[in-house]
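Here is a quick tour for someone meeting this protein for the first time. Have a look at the model, then read on.

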Amino acid sequence: MNYPSRISDNHLAIFLFHGVTLSVDCAVRNYTRKHIERDYFVTVLRRLKQVGTPVSMNDILTHRELGIPLPPRPFAVTFDDGFRNNLSVAAPVLVDEHVPATFYISTDFVERNRMSWIDRIEFAVEQCVCAELQLPWGQRQFRGDEERRVFLNEIRQIVKNDLMIDGEQLATDIQAQLGVAITYSSSHPLDQKLDWSEVRTLAAEPLFTVGGHGHSHVILDSLGTQDLEYEIETGMRLLKEKAAVHGPHYSYPEGMPNCYSARVIEALKRRGVRCCPSAVDGVNDSTADLFHLKRVMVV
Ligand SMILES: [Zn+2]
């Protein structure tokens, strides 16, 4: 993938990462390359630096709010979800390469080392080579690695497009039907999230910024008013209490266009959020709104 080509004079490119890992030995886990290898991460960063100038999300905020100019061909590096390997693997590379980064953290993942609903499903499917399941949209079966990936792709697509389907409940149903343990966390390296002392370590590094990414990672626009307030307030309160993060930075969980709305943006602004990129693919021109910034996912 030609990521440097997304950097240009008249646009701001914001790259979205999730995890950076040393080695992964799984049949289907991480088939989407949510976690990329350390060496590949180094290569991508160096190639981006050859054509662009790294900036922080704070630089972008002060540029838009105060008119402080950005360097030519700016790009920013961001991470969603708060995987432990952000600190153990990615952070030393970022420091060596002098690249600022913003880490958007889902606080319940930190509190309980929790997996997302799709990681819970992937973890269960990894343990079963073949199965037949009854899903809300019909009967499905898989046998072997390729069919397991097709099965997981279909689940991703359907659940992300239908806010009425509860991903956590679906994960529990699938775990039960596959006869594996009903679990919300695992000891697998890909499932380790930052703990609070690690969030504080990241926040203390001058190159880095920590922001919010929901509390439970639920899609914000799927929530009623009260639950929406709880989700945003809880996440921001925990970041403040446990890691002294008071910042104005946030990213929408899932981040697709159907995951946020004017109502969600207003609720975030009331809590002091001033910059919130989505996960919609694209780069941003000089008029882009700070609550509709697009990102380029690196896989
Ligand atoms: Zn996320």
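Residues 24 or more positions apart make up 70% of the contacts in the protein with a separation of 6 or more; a contact here is a pair with heavy atoms within 4.5 Å. Keep in mind that this is a predicted model, where local features need pLDDT of at least 70, side-chain atom pairs count only at pLDDT 80 or more, and totals for chains, interfaces and linings use all residues. Residues are numbered from 1 along each chain as its sequence is written, and side-chain values use heavy atoms, with hydrogens and water left out.

**The overall build**

You'll find 10 helices and 10 strands in the protein. These are DSSP runs numbered from the N terminus: helices are H or I with at least four residues, and strands are E with at least two. A compact globule of 299 residues would have a radius of gyration near 19 Å, and the protein agrees, because its own value is 19 Å. That radius is taken over C-alpha atoms, and the globule rule is 2.2 Å times the number of residues to the power 0.38. Along the principal axes, the C-alpha atoms fill a box of roughly 55 × 45 × 35 Å.

How much of the protein counts as buried? The figure is 54% of the 299 residues. Buried means under 20% relative accessible area, exposed means over 50%, and partly exposed is in between (1.4 Å probe, protein chains only).

**The zinc site**

Which residues coordinate the zinc ion? They are D81 (OD), H213 (NE2) and H217 (NE2), at 2.1 Å. Donors are N, O and S atoms within 2.8 Å of the metal (3.2 Å for Na, K and Ca); water is not among the atoms, so sites may look incomplete. The donor residues follow the spacing D-x131-H-x3-H in sequence.

Setting aside residues up to four places away in sequence, D81 touches H18, Y104, S106, F109, K193, H213 and H217. Its C-alpha atom is separated by 15 Å from that of V298, 217 residues apart along the chain. D81 also has a positive phi of about 95 degrees, although it is not a glycine. For background, most residues other than glycine have a negative phi.

R33 is another non-glycine residue with a positive phi, near 60 degrees, and its place is the loop between β2 (19-21) and β3 (35-37). Q175 is found in helix α7 (residues 167-178). Leaving out neighbours within four places in sequence, Q175 is in contact with R120, A124, V180, A181, I182 and T183. T62 belongs to helix α2 (residues 57-66) and touches G67 and I68, again not counting residues up to four places away.

| Residue | Relative accessibility | Class |
|---|---|---|
| D81 | 4% | buried |
| H213 | 1% | buried |
| Q175 | 1% | buried |
| T62 | 27% | partly exposed |
| R33 | 26% | partly exposed |
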